Amino acid sequence: MVPYTQVIGLALILFVLALALVLTRRSLLALLAGVQGIFTSVCLALLGFVRMHAAGGGATPGALSEAYGFALIILAVAAAEFALGLSIGVAFVRRRRSVN
């Protein structure tokens, strides 16, 4: 089992890389990939903090499964956001021949 400190550290690194991608790129695909990385890092951080709270004995028995469900909902919303952004980008390319 991976320690929760490493999970939270990985989430922090992923968040910083995704935020740098969002702030430095102009491409629509890079922007959407960066936002997807931010959502993924938030899910990892959520699960890491719940495991940390559970290790201290302060969590209810169903807290970890509730956190997994919430993380799954976040990832589903992120996937829908990516699909919607990609379809908007395709519509712009068809109409204007550019996404910028």
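**How the helices pack**

Modeller: Helix 1 passes helix 2 in a left-handed crossing; helices here are DSSP runs of H or I, at least four residues, numbered from the N terminus. Keep in mind that this is a predicted model, with local features needing pLDDT of at least 70, side-chain atom pairs counting only at pLDDT 80 or more, and totals for chains, interfaces and linings using all residues. Residues are numbered from 1 along each chain as its sequence is written, and side-chain values use heavy atoms, leaving out hydrogens and water.

Colleague: What does left-handed mean for a crossing?

Modeller: The near helix is turned anticlockwise from the far one by less than a right angle; clockwise would be right-handed.

Colleague: What makes helix 1 roughly antiparallel to helix 2?

Modeller: The axes of helix 1 (residues 4-24) and helix 2 (residues 28-55) cross at roughly 160 degrees and come within 8 Å. Axes are lines fitted to C-alpha atoms over the stretch in contact, with angles from 0 to 180 degrees between N-to-C directions. Roughly antiparallel means over 145 degrees (under 35 is roughly parallel, 65 to 115 roughly perpendicular, the rest oblique), so helix 1 is roughly antiparallel to helix 2.

Colleague: And how do you know how helix 2 and helix 3 run relative to each other?

Modeller: Their axes cross at roughly 175 degrees and come within 10 Å. Helix 2 and helix 3 are therefore roughly antiparallel too. Residues in that contact split into 22 nonpolar, four polar and two charged; nonpolar covers Ala, Val, Leu, Ile, Met, Phe, Trp, Tyr, Cys and Pro, charged is Asp, Glu, Lys and Arg, and the others, Gly among them, are polar.

Colleague: Why is Ser41 called buried?

Modeller: Ser41, in helix 2, has 2% relative accessibility, so it counts as buried. Buried is under 20% relative accessible area, exposed over 50%, partly exposed in between (1.4 Å probe, protein chains only). Ser41 touches Ala11, Leu14 and Phe15, leaving aside residues up to four places away in sequence; contact means heavy atoms within 4.5 Å.

Colleague: Why is Leu28 partly exposed?

Modeller: Leu28, also placed in helix 2, comes out at 25% relative accessibility, and so counts as partly exposed. Beyond four places away in sequence, Leu28 touches Gly85 and Gly89.

Colleague: Which residues make up the largest nonpolar core?

Modeller: Cys43, Leu47, Val50, Ala67, Ala71 and Ile74, six residues in all. A nonpolar core is a set of buried Ala, Val, Leu, Ile, Met, Phe, Trp, Tyr and Cys residues joined through side-chain atoms within 4.5 Å.

Conventions. Helices (H or I, at least four residues) and strands (E, at least two) are DSSP runs, numbered from the N terminus.
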